[in-house]
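Open the model in a viewer and keep the selection tool at hand. The stops below go from one selection to the next.

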Amino acid sequence: MKTHAQAVVIGGGLIGCSILYHLAKLGWTDVVLLERDELTSGSTWHAAAGIHGLHDNNNVTRIQHYTMNLYKELEQETGQGCGVFQPGSLYLAQTEAREHQLRLQEAKARFYGLNFHELSREQAMELHPLAQFDDIRCIMYEPDGGNVDPSGVTHAYAAGARKMGATIERFCPVLGTDPQPDGSWIVRTEKGDIHTQWVVNAAGLWGREVAAMAGLELPLQPTEHQYFVTDAIDEVAALGRRLPSIADRDGEYYFRQEGNGLLIGAYEKDMRFWAEEGTPLDFAHDLFPDDLDRIMDNVMRATERVPVAATAGVKRVINGPMIWSPDANALWGPVPELRNYFVCGGIIPGFSQSGGLGLLAAQWMIEGEPQYDMFAWDLARFDDWADKAFTKARVQDQYTHRFAIHFPNEEREAGRPARMRPAYAMQKDMGAVFGLNSGWEHPLWFADQPGTVDTNSFTRQNWWEPVGREARMLREAVGVIDISNFANYIVKGAGAQDWLDRLMANRVPSETGKSCLTPLIGIRGGIAGDFTITKTDTDAYMMVGSGMAERYHQRFFDMVDRPEGTTLDRATNRIAGFNVAGPKARDMLQRLTNTDLSNDAFRFMRSATIEVAGVTCLAIRVSFTGDLGWELHCPEENQIRLYTALLEAARDFGGGPVGGRALGSLRIEKGYGSWGREYSPEYWPQEVGLERLVKLDKDFLNKEAYLGIKENAPREVLSVFEVDAVHDADASGGEPIFLPDGRPVGRVTSGAYGYSVGQSLAIGFADPALAGPGDEVDIFILGKPHRARRLAVPPFDPEGIRLRS
């Protein structure tokens, strides 16, 4: 067995073999895969193996499309059959909400050039004459949908990898993974040790156990999952062709042909966890006892759809394990706390995503960053707050609601609360409706009655009017916004300024009391983050960034060596914050402090440590609302005292508490981007209007990458659109944008109603050669065209007079 390798992939299932194949394809041929048993052991071999292209996340759609096309290429390249059947897939909508979802996906398919379109009931009957569609509102057809052979695909990846020089060792359990001082690893096995640059944990059902060898606890939990195959059905055999699969997610089952029978599967409400304390090491090609009674309600709905299934016998039942992350997305990426340790686990639609997962994983390891922003999969979205109790509760929710629509702005309650600030109970009594943000309970809006919960749909819901009251209140008077979900960092030491300057693209302040906004540049020259940095004292800085990206950004911070004696402290858990904003913010705050807050004494982007109602705060004159305002950061133990004082003073000025949804509307009125939506490594500074903050007279992280794209014309430009929302709905993000003649222009990244400007708004990217300021476009809200215009400037205070007054 080899003793050295560029990468060791642990796990010989579908995903492990795909990663091995793509590492070799991108040039790393000195790679080894270790499998404790046979390839496909665990959950790969028994999968239903459906494939489909469309997903609610646009980048996942891209990689699923790549995966579907890859399988036939693999067959030609390796001679190994993948068992690809593509008779198409029928997607059914029984409800108005599902119809909205399918029509939006149809619009996205047009944008990306994918084949996904509506059929009439008669056309659907021609494709699937054994089904009935009398209760269906809308039918979409994906001609490339279908299924593959799990074993065939896995062995094709393996054959392709071997052909390029990769090595596969079967029946070779991993006994340990030991980190080395230089960032490399020793992988210990029964056949000997391998010294490797990268460890890739693609161990599937054993991902938790492999992670534990490196001191990691991954938020993963296996469940049972059942489907069955019927005996041969005469009516199916008589057709002489393969039937399209049926995705009836309102009915909570899936349906496709298998041989001359039918395969029926379901995600039942009466689900079962498995291996809560660890996956047995002797489990391989094993199954659980049949328990069809638990899915019988789903099966009955399936047989109503295809009546010939009702009288067919059961040929084979598959009740096998699947392993889930808390949000049912892949748990994927380099572990921020370790060097050169990559995880890829918790994949549910694996056969639709395997190629993309493997390709982007290989890109990340070899090139330093994947080509697409895949934060939706990045394991850094979870931290130690995602403990076993949280994971189990969320997995149960995800499993039992597998086919439920995840609506825009929807906040599911399972596993919560996970993290709470001291003011949580106070806010709850005030009527706060909370969302989950990096584990924190964060007020989204304030209802008239405590205990109110969100309603959910694609259209405007019960929160729309209250959020409007909050937004208008701030614009007309003053609002108090809890920003404790922002990430806070303290940088100290004689080398603090030097380190921050070498990390960030903008020049950090050298004078105490000054702040700056700065981008963080990614490996390919895009926007990896945006921060507010304030010099708080000699050799001391406060840095504020995206809360959900706190663990993600740790990877970049570790790329720049800190000078001896310089410390970086992730202080988010200890610091609470409020943004006080609006035209009366100065008058309100002045009542609570002896510090002079006049514009001459306390200008925009300045800061000071001040006393507010007896609480020591770092006050920074900046506001994500685009209005006059200050951020106040204080020790968490003083949060209630400060909040109480701020709210009492705000009431005297006609103000009050404002939640995160109103803040979203306010920042969209101002045209401000948000990390994870408008700012990501995919977008260049010149595309999002941040190029003025990149200072080339100094060195900074990934400067050469930025110089490589600096002179490129923007592919797309971040733009604000006003929308003629003729329906009771607003854009939310992900909607495609077309010219009135049907040519694709761009896509929405954020949307909301602009309450203070009286206009439905969207922020998104547009090709500047196709849509300039003032040009009309169509934004597909609810999957239907809504006329919109690209604005030359944001609709609220485009000159920044309010912000700086």
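Predicted model: local features only at pLDDT ≥ 70, side-chain atom pairs only at ≥ 80, totals over all residues.

**The barrel.** Select strands S32 to S37. In the order S32-S35-S34-S33-S36-S37, these six strands close into a barrel with antiparallel pairing. On average, and with direction ignored, neighbouring strands of this sheet are turned by 45° against each other.

Move to Trp 364, Gly 368, Glu 369, Ile 523 and Met 559, which are the closest to the centre of the second largest pocket among the 39 residues that line it. The volume of this pocket is about 900 Å³. H14 gives the most, with three residues. Colour the lining by class to see 20 nonpolar, five polar and 14 charged residues.

**The cysteines.** How many disulfides does the model contain? The count is zero. Select Cys 17, which is in no disulfide: the nearest cysteine sulfur belongs to Cys 82 and is 12 Å away. Cys 17 is buried, at a relative accessible area of 0%. Finish at Cys 634, where the nearest cysteine sulfur, that of Cys 617, is 5.1 Å away; the cut-off for a disulfide is 2.5 Å. Cys 634 is buried too, with a relative accessible area of 2%.

How values were computed
Residues numbered from 1 in each chain as written. Heavy atoms only, no water. Buried < 20%, exposed > 50% of the residue type's maximum accessible area, 1.4 Å probe, protein only. Pairing = 2+ DSSP bridges. Helix = DSSP H or I, 4+ residues; strand = E, 2+ residues; numbered from the N terminus. Axes fitted to C-alpha atoms, helices over the stretch in contact; angles between N-to-C directions. 1 Å grid on protein atoms, 1.4 Å probe; cavity = no way out; pocket = protein on both sides within 12 Å on 5 of 7 lines; lining within 4 Å. Points joined across faces, edges and corners; volume = space filled by probe spheres on them. Nonpolar A, V, L, I, M, F, W, Y, C, P; charged D, E, K, R; others polar.
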